[in-house]
Amino acid sequence: QVQLVESGGGLVQPGGSLRLSCAASGFTLDDYAIGWFRQAPGKEREGVSFIKREGSTYYRGSVKGRFTISRDNANNTVYLQMKSLKPEDTAVYYCAADPTGDGTVVPAYDYWGQGTQVTVSS
């Protein structure tokens, strides 16, 4: 019933842009905090950005100023606009939903999407 589906990944040159989408079904997305995470091969999953229920946004330092998270309540979708992409941004990107609405505690994210691949070529 509760489902998150990511889309928008692909292959892009360094310096390029990409917009990822996270479409929610089975729940109202703006009742939750929504986070974007990524995992590169052989590396730990890391948080990229999240938006709290009340709308505040946060970014890890390596993407701050380049990535923008936003929420479209009418379409029950969260976006991650990525610009000035670097090879080190290459990873599978996941969105996840935290029903507490806070977004700061990873184990509180109860729902996860299947991931979308982002590859930034050299």
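## Questions on strands, rings and the core

Phe-67, setting aside its neighbours within four places in sequence, is in contact with Arg-38, Val-48, Tyr-59, Leu-80, Gln-81, Met-82, Lys-83, Leu-85, Asp-89 and Tyr-93. The model is a predicted one.

Q: Which residues have the most contacts inside the largest nonpolar core, and how many residues does that core have?
A: In soluble globular proteins, nonpolar side chains tend to be buried together. Here the elements that give two or more residues to the core are β3 (18-25), β4, β5 (46-51), β7, β8, β9 and β11. The residues with the most contacts inside the core are Trp-36, Phe-67, Leu-80, Met-82 and Tyr-93, and the core has 27 residues.

Q: How many of the residues of strand β9 are buried?
A: A residue counts as buried when its relative accessible area is under 20%. Strand β9 covers residues 91-98 and is mostly covered by that rule, the number of buried residues among its 8 being 7.

Q: Which residue of β9 is the bridge partner of Arg-38?
A: Strand β4, residues 33-39, pairs with β9 in the antiparallel sense over 7 bridges. Within that pairing of β4 and β9, the partner that Arg-38 finds in β9 is Tyr-93.

Q: Which residue of β11 is the bridge partner of Ala-91?
A: Strand β11, residues 116-120, runs antiparallel to β9 and is joined to β9 by 3 bridges. In β11, the residue that bridges to Ala-91 is Val-118.

Q: Which residue of β10 is the bridge partner of Ala-96?
A: Strand β10, residues 111-112, pairs with β9 in the antiparallel sense over 2 bridges. In β10, the partner of Ala-96 is Trp-112.

Q: Which charged residue lies over the face of Trp-112, and at what distance from the ring centre?
A: For a charge to sit over a ring, NZ of Lys or CZ of Arg has to be within 6 Å of the ring centre and within 35 degrees of the ring normal. The residue placed over the face of Trp-112 is Arg-45, and its distance from the ring centre is 4.6 Å.

Q: How many residues apart in sequence are the parts that the pair of Phe-37 and Tyr-109 ties together?
A: The count of aromatic pairs comes to 7. Phe-37 and Tyr-109 form an edge-to-face pair, with 5.1 Å from centre to centre and 85° between the planes. Phe-37 lies in strand β4 while Tyr-109 lies in the loop between β9 and β10, so the separation in sequence of the parts tied together is 72 residues.

Q: Are Phe-37 and Tyr-109 buried or exposed?
A: The limit for a buried residue is a relative accessible area under 20%. Phe-37 has a relative accessible area of 6%, so Phe-37 is buried. Tyr-109 has a relative accessible area of 4%, so Tyr-109 too is buried.

Q: What is the phi of Asn-76?
A: Most residues other than glycine have a negative phi. Asn-76 lies in the loop between β7 (67-72) and β8 (77-82), and at 17% relative accessibility Asn-76 counts as buried. Although Asn-76 is not a glycine, its phi is positive, at about 55°.

Q: Is Ser-84 buried, partly exposed or exposed?
A: Ser-84 is found in the loop between β8 and β9, and Ser-84 has a positive phi near 50° although it is a residue other than glycine. With a relative accessibility of 39%, Ser-84 counts as partly exposed.

Q: Which are the edge strands of the open sheet of 4 strands?
A: The order of the strands in this open sheet is β1-β3-β8-β7, with antiparallel pairing. The twist averages 15° from one strand to the next. Each edge strand pairs on one side only, and the edge strands are β1 (3-7) and β7.

Q: Which residue of β8 stands opposite Cys-22?
A: Strands β3 and β8 run antiparallel and are joined by 6 bridges. In β8, the residue that stands opposite Cys-22 is Val-78.

Methods: Residues are numbered from 1 along each chain as its sequence is written. This is a predicted model: local features need pLDDT of at least 70, side-chain atom pairs count only at pLDDT 80 or more; totals for chains, interfaces and linings use all residues. Side-chain values use heavy atoms; hydrogens and water are left out. Buried means under 20% relative accessible area, exposed over 50%, partly exposed in between (1.4 Å probe, protein chains only). Two strands pair if DSSP finds at least two bridges between them. Rings of Phe, Tyr and Trp (its six-membered ring) pair if their centres lie within 6.5 Å; planes under 30 degrees apart count as stacked, over 60 as edge-to-face and the rest as tilted. A nonpolar core is a set of buried Ala, Val, Leu, Ile, Met, Phe, Trp, Tyr and Cys residues joined through side-chain atoms within 4.5 Å. Contact means heavy atoms within 4.5 Å. Axes are lines fitted to C-alpha atoms, for helices over the stretch in contact, and angles run from 0 to 180 degrees between N-to-C directions.
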